[in-house]
Amino acid sequence: LCLCLTLLPGTAWAAESAATTTADFTSADNATTAITLLNQHKTDGAADSAWDNSTNTLTLNGIDFTTTATTAVKLPAGSTIVLADGTENTIKGGDANAAVAGTYHKDIYIYGIYADGALTIQGTGSLTVNSGSHTNSGDASTYSAAIYGKGSLTVEGGTVTATGGAAVSSGMAFSIGLYLPDGGHLSVTGGSLTAIAGEAYKLEESGKKWAEFSRGVDIWRSNVIVSGDGKLYAESVKEMADATVLSNGLNISGGDLSISDNGEVSVSGSYGAYISDGGIQLNGGKLTAASTQNPDAYGNLGCALDV
């Protein structure tokens, strides 16, 4: 009886408090530990979530998972997340303070979800992903990205919200909702994806902060395709309006934005959408864009669309 009374409160406390490790599904050995960790943070009354090693499929049945680790959930290439009907699922990476000097390829990253390759999201539930705030007193580039992928992201259903955390560094600072820097495309064919960039500042020795890179969706050398009944909402928070061209709802470097069928895209930021070396193809659907930039000393405004 004494043993039971001692253990029960501790067990309940562990389930409710933040974790300290990553739910890492990138190997079969890690996956068992990872799914156990997520189920320790399932919401009240929810069934256990599940992982299928044979198909790399993570079925979420209702979790509220926050970790102090710099990456909350790590998935192998070719993974699928299924959002069970009627469920609400939350994933958040850790907040961090650091003092790291910048050298070649030595940057600091915080992720809500890190996908080691292509990732597909299906289902009818909801998924909210946040990356923690990140302060670096050194000059290494500092990134806070809610969802990061080394391949393509396809959203086929569900309600997905990805919010980048605040980032401050003596070097470059980035807050990004969805980050696909390795040539992976974004395709939204059903459900909705909302990608929100938070505040990002470069910290000078004097203590002055300069607005830096704040991008709802940031994609390199690939395309954004919204079709079917898919909906994409991408924004940089209004506090970043002074960042001008660095604050984008949607940033595409070397690719196109394509909208067709009943697809809908809405973008806002100091520059709503900034597309370099690419274009816009509208074959049906709807595109809404807005600039939040205040007039400069000469009355110049930002751009809703800059192509």
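Reader: Which residues form one aromatic cluster?

Author: Y109, Y111, Y114, Y143, Y148, F174, Y179 and F213 form it. Rings of Phe, Tyr and Trp (its six-membered ring) pair if their centres lie within 6.5 Å; planes under 30 degrees apart count as stacked, over 60 as edge-to-face and the rest as tilted. Before going on, note that this is a predicted model: local features need pLDDT of at least 70, side-chain atom pairs count only at pLDDT 80 or more, and totals for chains, interfaces and linings use all residues. Residues are numbered from 1 along each chain as its sequence is written, and side-chain values use heavy atoms, with hydrogens and water left out.

Reader: ok, how many aromatic pairs does the structure hold?

Author: The structure holds 11 aromatic pairs. One of them is Y111 with Y148, a tilted pair at 4.9 Å centre to centre and 35° between the planes. This pair links distant parts of the chain, with Y111 in strand 9 (residues 108–115) and Y148 in strand 13 (residues 142–149), 37 residues apart. Strands (E, at least two residues) and helices (H or I, at least four) are DSSP runs, numbered from the N terminus.

Reader: And Y111 and Y148, buried or exposed?

Author: Y111 and Y148 are both buried. Buried means under 20% relative accessible area, exposed means over 50%, and partly exposed is in between (1.4 Å probe, protein chains only).

Reader: Why is the pair of Y143 and F174 called stacked?

Author: The ring centres of Y143 and F174 are 4.3 Å apart and their planes are at 5°, so the pair is stacked. Y143 is in strand 13 and F174 in strand 17 (residues 173–180), and the two are 31 residues apart, so this pair also links distant parts of the chain. Y143 and F174 are both buried.

Reader: Switching topic. How many helices and strands are in the protein chain?

Author: The chain has 2 helices and 29 strands.

Reader: What about contacts between residues at least 6 apart in sequence?

Author: Of those contacts, 69% join residues at least 24 apart. Contact means heavy atoms within 4.5 Å.

Reader: How many positive and negative side chains are there?

Author: The chain has 13 positive and 30 negative side chains, and the centres of the two sets lie 5 Å apart. Lys and Arg count as positive and Asp and Glu as negative, while His and the chain ends are not counted. The place of a charge is taken as NZ of Lys, CZ of Arg, CG of Asp or CD of Glu.

Reader: Something about backbone angles now. What is the phi of N56?

Author: N56 has a positive phi of about 55°, although N56 is not a glycine. Most residues other than glycine have a negative phi. N56 lies in the loop between strand 2 (50–52) and strand 3 (57–60). T244 also has a positive phi, near 45°, and is a residue other than glycine.

Reader: Where is T244 found?

Author: T244 is in the loop between strand 24 (231–236) and strand 25 (247–253). T244 counts as partly exposed because its relative accessibility is 32%.

Reader: And A241, where is that found?

Author: A241 is in the loop between strand 24 and strand 25. A241 is buried, with a relative accessible area of 5%.

Reader: What is A241 in contact with?

Author: Leaving aside neighbours within four places in sequence, A241 is in contact with S270, T292 and Q293. The C-alpha atoms of A241 and S270 are separated by 4.8 Å, though the two are 29 residues apart along the chain.

Reader: Last one. Which residues does K106 touch?

Author: Not counting residues up to four places away in sequence, K106 touches V100, A101 and A140. K106 is in the loop between strand 8 (96–98) and strand 9, and at 41% relative accessibility K106 counts as partly exposed.
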